[in-house]
Amino acid sequence: MCKVELEKIKFKSYCWSIGTTSFRMKYFNLMIEEQLRLLKIFFEKKENKNKQWSDVELQSEYYDFLKCNNFIKGEANNKAKDARQKTSGLVDIGLIDDNRRLTEVGEELLKISLASDFKDNNFFGIDKDSYIYMLQLLKYTTDNNIRPFIVLLKVLIELGSISYEEFTYVIPLVVDAESARVVVENIKNMRNGALNVEEIMLKIMWDMENYKAAYSYFLSHDSSEATFRLINMNRKSTIYDKPYSKLYELLVQVYVNKDNSKIYDLYEAINKLSGKAKGYWKKLIFSPTTRSKVKKNGVEYLKDIPLSKFTEEFEIKKYIFETIHLFKWKSTLDDYSDLNKRYFNLSDLIIFEDEKVTCSFLANQYFKSSIEDIFNTSFSEPEGFDELITIEEILGDNVPQMEDVQTEIAAYFDEEYLEVDEIQEYVNNERLKRFEDLIDRKFPKEILLYLVDCFEKRNDDELNAHICDNANPPTMFEYILGIIWYNLSGRKGNILDFMNLSLDANLLPKSHAGGGEADIIYKYDSCDHYPMHELLLEATLADDSTQRRMEMEPVSRHLLKNLSDTKNTSNYAVLVSTSIHPSVISDFRGRAKTEQTLDNVNYYDGIKLIPLDTNVIKNYINSEKTYEDIYEILEDAYHSEISMRDGWYELEILNKS
């Protein structure tokens, strides 16, 4: 092979991803906000103001600063590298510049976070921070001038939905306008049964000149380590490709030459592979087993694969060449998938549920008329990436006409015309139906009881697995308590309006750095059992002295402010915790019988504050108590003359639950 041909055998990007894998972390929204705050503080220090990020010593100091502020734990072997990794994702989406100072976009996000001012009335019905992330994602461009968010919107609008498998292994392979057309066509063929995901990947692979050249080289050369180090085109170190020479040799001996004595050697050769490719090869070749079982009777666990039917060298080499690269691609795409999902989730326009990916109704309606033009003109660096610019400026001539969008939405709801606020009402009703479906599907009674147990034991891994990993335990506790109380209340009212929580497009909770309001303000209309009133439902996982410090004053303050704002003295507050500290019970009981004021203007002869632990909540669930029952119990407990020392909590609250 001539020098020109050899030069073709080089790694070329075959997919896109957003950000960097080193920036993948739980509680994504919260971590972004917190790090923006810490970066701001760090560079406002007199000694750091004029320093450049390229200073490795400064990077190490920033790592120590993060650790001192409990942003990270442990001890990195290379502090400077870890500091670069922790900040790289913020650079990627334009929140900080290369010198790690906040951009105009980053400053606005920090402002929203510090003020806990997330609620907005934009057309998409998403939080203020999500709207900014959406704008950034519309601008975000990869090194090869692909805008992944626009690619995803185009595909979702054209196809309606895609599977998680398609999201992971197919959509990121769109690297230009032509490949977008091919990918959409291939997905359609796959749904008709004409293709599978791996065949789509191979079709795209064989369209790339470097893979054609690598295979041509492989056909005319032996299967040495040097050969595999060349044809595997590893963009990092080629040392990881050395084991493939032995793997090739043993695959031929076992499957082509039918030498069963080499089965165990093949198993061991697979174990020498690195990364996720090892798992793919093991799953392809062997049934679930162990090393000792393969050593004893390997043929029993060996799977039949197409390689066993090939006799010609070009067929053997092609199959192994394809499989090596297919598994390398899948390993890479697996790594990127979770990262891509986290970034897309920031916009609150992309929905991931039921093994399906869709875009929100309003996003679909807004973009569908112009997505083709938006896509076709998106293959270039955008202007103002780190600046706060409007969606109209980003989309330019392709911005949809709102009157047309409103007309389309009205037609969807069988209306002649709808104003934007009327559209929001329709969408909110649909959103509530989705939330109730989510509760029925994801949080039935037995799961809710299990999750309450997890909160009591602080089994955070299980909480993340059953709820989500973009919310910390306190936020998840508020969310689950809201669902429980919604069920106890017979699902009256709109719980999504009552919860002061940010929910993503999947209607799952996400944590922010701020706070300040009651967690849930439940509104009840009057009926035979109670007057019209509001219930401030507060949740905390704090215990002992921490609970006393964190909850006693805020809960009473929230209620007093509510009483002052609403002028309704029937309103009351409930604090729920996994364990209620006696000092909190004492404080709440004291406030029931003493004059209270927040502002020296409005005075109340006692306020109704009720503490409940999670044992009580579980009893309510198990005994199928209704809110009417609960209201009567809490009202009687509030007016009770039993003292704490005589067992007020046990007699009036616990025993009646």
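## Loop residues with positive phi

R491 is found in the loop between α25 (473-488) and α26 (495-498), where helices are DSSP runs of H or I with at least four residues, strands are runs of E with at least two, and both are numbered from the N terminus. The phi angle of R491 is near 55°, a positive value in a residue other than glycine. R491 counts as partly exposed, at 26% relative accessibility; the term covers values between buried (under 20% relative accessible area) and exposed (over 50%), found with a 1.4 Å probe and protein chains only.

K258 lies in the loop between α13 (243-256) and α14 (263-271). Its phi is near 60°, which is again a positive value in a residue other than glycine. Most residues other than glycine have a negative phi.

## Basis of the model

The structure is a predicted model, in which local features need pLDDT of at least 70 and side-chain atom pairs count only at pLDDT 80 or more, while totals for chains, interfaces and linings use all residues. Residues are numbered from 1 along each chain as its sequence is written, and side-chain values use heavy atoms, with hydrogens and water left out.

## The chain as a whole

The secondary structure of the chain comprises 31 helices and 11 strands. Along the principal axes, the C-alpha atoms fill a box of roughly 95 × 65 × 60 Å. Of the 657 residues of the chain, 54% count as buried.

A contact means heavy atoms within 4.5 Å. Among contacts with a separation of 6 or more, 68% are accounted for by residues 24 or more positions apart. The accessible surface comes to about 30,000 Å², and 46% of this belongs to carbon and sulfur atoms; the areas come from the Shrake-Rupley method with a 1.4 Å probe, and for residues only the protein chains shown count as cover.

## Charges and a negative patch

The chain has 82 positive and 112 negative charges, and their mean positions are 9 Å apart. Lys and Arg count as positive and Asp and Glu as negative, whereas His and the chain ends are not counted. The place of a charge is taken as NZ of Lys, CZ of Arg, CG of Asp or CD of Glu.

D97, D98, E104, E383, D386 and E387 form a negative surface patch. Patches are made of residues with over 30% relative accessible area and no salt bridge, with like charges joined within 9 Å and nonpolar side chains (Val, Leu, Ile, Met, Phe, Trp, Tyr) within 5 Å. A salt bridge is a side-chain nitrogen of Lys or Arg within 4 Å of a carboxyl oxygen of Asp or Glu.

## Individual residues and distances

K51 lies in the loop between α2 (28-44) and α3 (56-68). This lysine is partly exposed, with a relative accessible area of 28%. Not counting residues up to four places away in sequence, K51 touches L58, E61, N99 and R101. The C-alpha atoms of K51 and N192 are separated by 59 Å, and the two residues are 141 residues apart along the chain.

K295 lies in helix α16 (residues 291-297) and is exposed, with a relative accessible area of 60%. K295 and K262 are 33 residues apart in sequence and 9.9 Å apart in space, C-alpha to C-alpha. D440 has its place in helix α22 (residues 420-442) and is partly exposed, at a relative accessible area of 48%. The C-alpha atoms of D440 and L418, 22 residues apart along the chain, are separated by 31 Å.
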